Amino acid sequence: MTDEIRVLVVEDEQHLAAGLKLNLELEGFQVDVAETAREASRQLLQRRYDTVILDVMLPDTSGFELCSRLRSAGNFVPVLMLTARSSLDDRVRGLDAGADDYVAKPFDLKELVARVHSMVRRRSWEDRRRPEGVQTFRFGSAEIDFETSQVRVSGQEYHLTHLELELLQYFVMHPERVISREELLESVWKLRDYPNTRTVDNFILRLRKIFEPDPTHPRYFVSVRGRGYSFRPDGAPGPSGADA
């Protein structure tokens, strides 16, 4: 790990922030800490970060709000949400705000570090190359330009994070095929033999909310019970699918 890899920890619990800083520095990262959203915003304006670890509960505003402001301002630095809340609604809210991943307290430190490594690797690859394979794609009422990251659905523009675009492109490049959560974690998240597959489900919920006419009855991003997910660009039901 080079000294160019920089992580911003936004956490007002000083003991936890110090522990995260120490362990991430032992992994070779350069780590800055901010205790408030205001301080984090100032630091994000001053230098480029490869990843932000963002606590939801901050003294001056919520992590959801700060993440949403970053995305609205065109800052798509990878964001890992860190919170004591673990309900599905809170996870979806974090992803809706533009977060790339979500870890609930208490968390396993090795898991968190693995996720940070994965986010940094993706950011590095994105900086070195343009998307490979399909450059533009249309399905249903959606139009996606993977080279410019422009996404329109029924004429409305959406801003997707880099990870959301990579996941979408992986589905587009493998239409109709049932893809396991483990394959998605390895191919998109770059996490091999990773036991927690809930992150994939959260991102599928995000894609469904954007692209499905009725997210509760998906036609394009379909669950195949016990096997994974299948992308069906024509919106037709498959023989082995069971929507969830």
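These are my notebook entries on a few places I looked up in this structure, which is a predicted model.

**Entry 1**

I began with K105, which I found in the loop between β5 (101–104) and α5 (109–128). Is K105 buried or exposed? Its relative accessibility is 18%, so it counts as buried, given that the cut-off for buried is under 20%. I then followed its side chain to see what it meets. There is a polar contact with the side chain of E11 at 3.4 Å, and another with the side chain of E13 at 3.3 Å. Leaving out residues up to four places away in sequence, I listed what K105 touches: E11, E13, L16, D55, L82, T83 and A84. I kept D55 in mind from that list, and it returns in the next entry.

**Entry 2: Salt bridges**

How many salt bridges does a search of the whole structure find? I noted 16, and I looked at some of them one by one.

I took D100 and R71 to begin with; their side chains meet in a salt bridge at 3.0 Å, N to O. D100 sits in the loop between α4 (88–96) and β5, while R71 belongs to helix α3 (residues 63–72), so this pair ties together parts that are 29 residues apart in sequence. I checked the burial of each partner. D100 has a relative accessible area of 3% and is therefore buried. R71 is buried as well, at 9% relative accessibility.

Next I went to E111 and R115, whose side chains form a salt bridge at 2.6 Å, N to O. Both residues are in helix α5, 4 residues apart, or about one turn of the helix.

R177 is partly exposed, with a relative accessible area of 33%.

**Entry 3: The nonpolar cores**

I turned to the largest nonpolar core, which has 30 residues. The members that touch the most other members are F139, L167, F171, L184, W189, F211 and F221. Where does this core come from? At least two residues each are supplied by β6 (136–139), β7 (142–145), β8 (150–153), α6 (162–173), α7 (181–189), α8 (198–211) and β12 (228–231). The largest share is that of α6, with 7 residues.

Setting aside neighbours within four places in sequence, I found L167 in contact with L184, V188, W189, F203, I204 and L207. There is also a second, separate core of 21 residues, and A40, Y49, L54 and A99 are included in it.

**Entry 4: Helix α8**

I checked the length of α8 against expectation. Its 14 residues should span 20 Å at 1.5 Å a residue, and the end C-alpha atoms are 20 Å apart, so the two agree. I then counted burial: 10 of the 14 residues are buried, which means that α8 is largely enclosed by the rest of the structure. Which residues of α8 are the buried ones? I noted T199, V200, N202, F203, I204, R206, L207, R208, I210 and F211. F203, I204 and L207 had already turned up as contacts of L167.

**Entry 5: β7 and the strands on either side**

My last stop was β7. A142 and I144 make up its covered face, and E143 and D145 its uncovered one.

With β6, β7 pairs in the antiparallel sense over 4 bridges, and F139 has A142 as its bridge partner in β7. The β6 and β7 hairpin has 2 residues between the strands, and G140 there takes a positive phi near 55°.

With β8, β7 again runs antiparallel, joined by 4 bridges. D145 stands opposite Q150 of β8. The hairpin that β7 and β8 form has 4 residues between them, and S149 in the turn has a positive phi of about 65°.

Key. Residues are numbered from 1 along each chain as its sequence is written. This is a predicted model: local features need pLDDT of at least 70, side-chain atom pairs count only at pLDDT 80 or more; totals for chains, interfaces and linings use all residues. Side-chain values use heavy atoms; hydrogens and water are left out. Buried means under 20% relative accessible area, exposed over 50%, partly exposed in between (1.4 Å probe, protein chains only). A polar contact is a pair of N or O atoms within 3.5 Å; within protein, one must be able to donate a hydrogen and the other to accept it, and residues adjacent in sequence count only if both atoms are side-chain atoms. Contact means heavy atoms within 4.5 Å. A nonpolar core is a set of buried Ala, Val, Leu, Ile, Met, Phe, Trp, Tyr and Cys residues joined through side-chain atoms within 4.5 Å. A salt bridge is a side-chain nitrogen of Lys or Arg within 4 Å of a carboxyl oxygen of Asp or Glu. The expected span of a helix is 1.5 Å times one less than its number of residues. Two strands pair if DSSP finds at least two bridges between them.
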